[in-house]
Amino acid sequence: MKIEITPIGTFYTDETDIPRHWTVSKAKGRIEINPEFQKGLQDVAVGEQIVVLFGFHKSPDFTPDLLVQKPPHRDRPFGVFSICSPRRPNPIGLSVLRVTHIRENILEVENIDMLDQTPILDIKPHITGEK
């Protein structure tokens, strides 16, 4: 089975020192949604967190030797499915970002851990189970 995914937008940032994970990030940027998907932003609100799925567009091709990797901040190698490495069989990333401003098709966000010009694959609500 083959799955094809078309980006719905692009992420931009002026940040040059990108944190390794959204949970330790205060960095900011913006997601520009392609105009044909702008209506899908209806009901996204400033102050809420969103789950952003994106492509690791600068990661090298995956090879079987990368099934076990040693993260730079860990003391031993781990299986790729137990870490957040960008070197994955399917180069898909996930971040939980806080929306700080919305105008038309642009979401300004914080807690970013993505590189400038990262393709955005999808946005979902961040649901914690609390109501």
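I count a contact when heavy atoms lie within 4.5 Å. On that basis, residues 24 or more positions apart account for 72% of the contacts in the protein with a separation of 6 or more.

Notes on the source. I am working from a predicted model, where local features need pLDDT of at least 70, side-chain atom pairs count only at pLDDT 80 or more, and totals for chains, interfaces and linings use all residues. I number residues from 1 along each chain as its sequence is written, and side-chain values use heavy atoms, with hydrogens and water left out.

Overall form. I looked up the secondary structure and found 0 helices and 8 strands; helices (H or I, at least four residues) and strands (E, at least two) are DSSP runs, numbered from the N terminus. The pattern along the sequence reads β-β-β-β-β-β-β-β. Along the principal axes, the C-alpha atoms fill a box of roughly 45 × 35 × 35 Å.

Strand pairing. I took two strands as paired if DSSP finds at least two bridges between them. S3 (residues 49-55) runs antiparallel to S6 (residues 92-103), with 7 bridges joining them. In this pair, Leu53 stands opposite Leu94 in S6. S6 is also joined to S7 (residues 106-110) by 5 bridges, again antiparallel, and here I find Ile102 opposite Leu107 in S7. S6 and S7 form a hairpin with 2 residues between them, and Glu104 in the turn has a positive phi of about 50 degrees.

Surface. I used accessible areas from the Shrake-Rupley method with a 1.4 Å probe, where for residues only the protein chains shown count as cover. The protein exposes about 8,800 Å², and carbon and sulfur atoms supply 51% of it. Buried residues make up 34% of the 131 residues; buried means under 20% relative accessible area, exposed over 50%, and partly exposed in between.

Two residues looked up. Ile3 sits in the segment before strand S1 (9-12) and counts as exposed because its relative accessibility is 63%. Pro60 lies in the loop between S3 and strand S4 (68-69); at 45% relative accessibility, Pro60 counts as partly exposed. I also noted 9.2 Å between the C-alpha atoms of Pro60 and Pro91, which are 31 residues apart along the chain.

Notes:
Buried means under 20% relative accessible area, exposed over 50%, partly exposed in between (1.4 Å probe, protein chains only).
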